[in-house]
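The tour below moves from one selection to the next.

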Amino acid sequence: MQPPRFLWLLAAAALCCSLLLLLHSRFLTPGQLAAGTCEIVTLDRDSSQPRRTIARQTARCACKKGQIAGTTRARPACVEARIVRTKQWCEMLPCLEDEGCDLLVNRSGWTCTQAGGRVKTTTVS
């Protein structure tokens, strides 16, 4: 009795996926990021001032052509380079879904405002 044809196709697809994953892992050296991904390298928090926390984070990104390191939904991400060049920070959707985004007056960063009035300010250096 012969198995149905779709089982053969499913097995072939699984084999192809396995080979692709194997090839992909062979081309990335340890510590190398896949194209279009980011990781947080350092994160420092200072809560010495009342009602205020200052956080500094450094991210490492491997962006595709035409992209640059940025922030999307409060996480490091690759964004269009045009957004950073023109300092239209809110276009990269830096705030969480329930927050509102506003540019700082001097366009050196943005604020994310929550419904309860809490404000997170991010400056770019």
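What follows is a walk through the salt bridges of this predicted model.

Before selecting anything, keep in mind that side chains of opposite charge can pair when their charged atoms come close. A search of the whole structure finds four salt bridges, and the stops below take you to several residues that form them.

Begin by selecting Glu-39 and Arg-60, whose side chains meet in a salt bridge with an N to O distance of 2.7 Å. This pair links distant parts of the chain, since Glu-39 lies in strand 1 (residues 37-46) and Arg-60 in strand 2 (residues 54-62), 21 residues apart.

Next, select Lys-120 together with Glu-99, where the side chains form a salt bridge of 2.9 Å from N to O. Here too the pair links distant parts of the chain: Lys-120 belongs to strand 7 (residues 119-123), while Glu-99 sits in the loop between helix 2 (81-86) and strand 5 (100-103), 21 residues apart. Lys-120 is partly exposed at 26% relative accessibility, whereas Glu-99, with a relative accessible area of 9%, is buried because this value falls under 20%.

Finally, select Glu-80 and Arg-82, which form a salt bridge whose closest N and O atoms are 3.5 Å apart. Glu-80 is partly exposed at 45% relative accessibility, and Arg-82 is partly exposed at 34%.

Terms used: Residues are numbered from 1 along each chain as its sequence is written. This is a predicted model: local features need pLDDT of at least 70, side-chain atom pairs count only at pLDDT 80 or more; totals for chains, interfaces and linings use all residues. Side-chain values use heavy atoms; hydrogens and water are left out. Helices (H or I, at least four residues) and strands (E, at least two) are DSSP runs, numbered from the N terminus. Buried means under 20% relative accessible area, exposed over 50%, partly exposed in between (1.4 Å probe, protein chains only).
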